[in-house]
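Please view the sequence and the structure first.

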Amino acid sequence: MTQSLGQVMLTEIREQPSVFERVLQSQSNIEVVARAIRRFQPQMVLFTARGTSDNAATYARYACEVDVGLPTGLMAPSTMTLYDARPDLSRA
């Protein structure tokens, strides 16, 4: 039996605590990435998401703009995978 969209989203929501726990357990990896981002000094942040991940990306967008102060946007993965677009992401 195929799960409804609501059931898929509910399953993903229920997985969040264990995902956050795994992320927090890899603190050394987070610190490595954070240092690399600080060295890079991005001029903007772009989140790429598809499906239900769009909701998380929208939340992250607000958090990033408010807490970090960088302009933030959402990219559609299909622009690159389906339409072969190659935007300049050199400072994002």
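Predicted model: local features only at pLDDT ≥ 70, side-chain atom pairs only at ≥ 80, totals over all residues.

Residues are numbered from 1 along each chain as its sequence is written, and side-chain values use heavy atoms, with hydrogens and water left out.

**Overall form**
- The protein contains 4 helices and 2 strands, where helices (H or I, at least four residues) and strands (E, at least two) are DSSP runs numbered from the N terminus.
- Their order from the N terminus is α-α-β-α-β-α.
- The radius of gyration is 16 Å, whereas a compact globule of 92 residues would have one near 12 Å; this quantity is taken over C-alpha atoms, and the globule rule is 2.2 Å times the number of residues to the power 0.38.
- Along the principal axes, the C-alpha atoms fill a box of roughly 50 × 40 × 20 Å.
- Of the 92 residues, 10% are buried (under 20% relative accessible area; exposed is over 50%, partly exposed in between; 1.4 Å probe, protein chains only).

**Helix α1**
- The 21 residues of α1 should span 30 Å at 1.5 Å a residue, and the end C-alpha atoms are 30 Å apart, which agrees; the expected span is 1.5 Å times one less than the number of residues.
- Leu-10 is found in α1, which comprises residues 5-25, and Leu-10 is partly exposed, with a relative accessible area of 30%.
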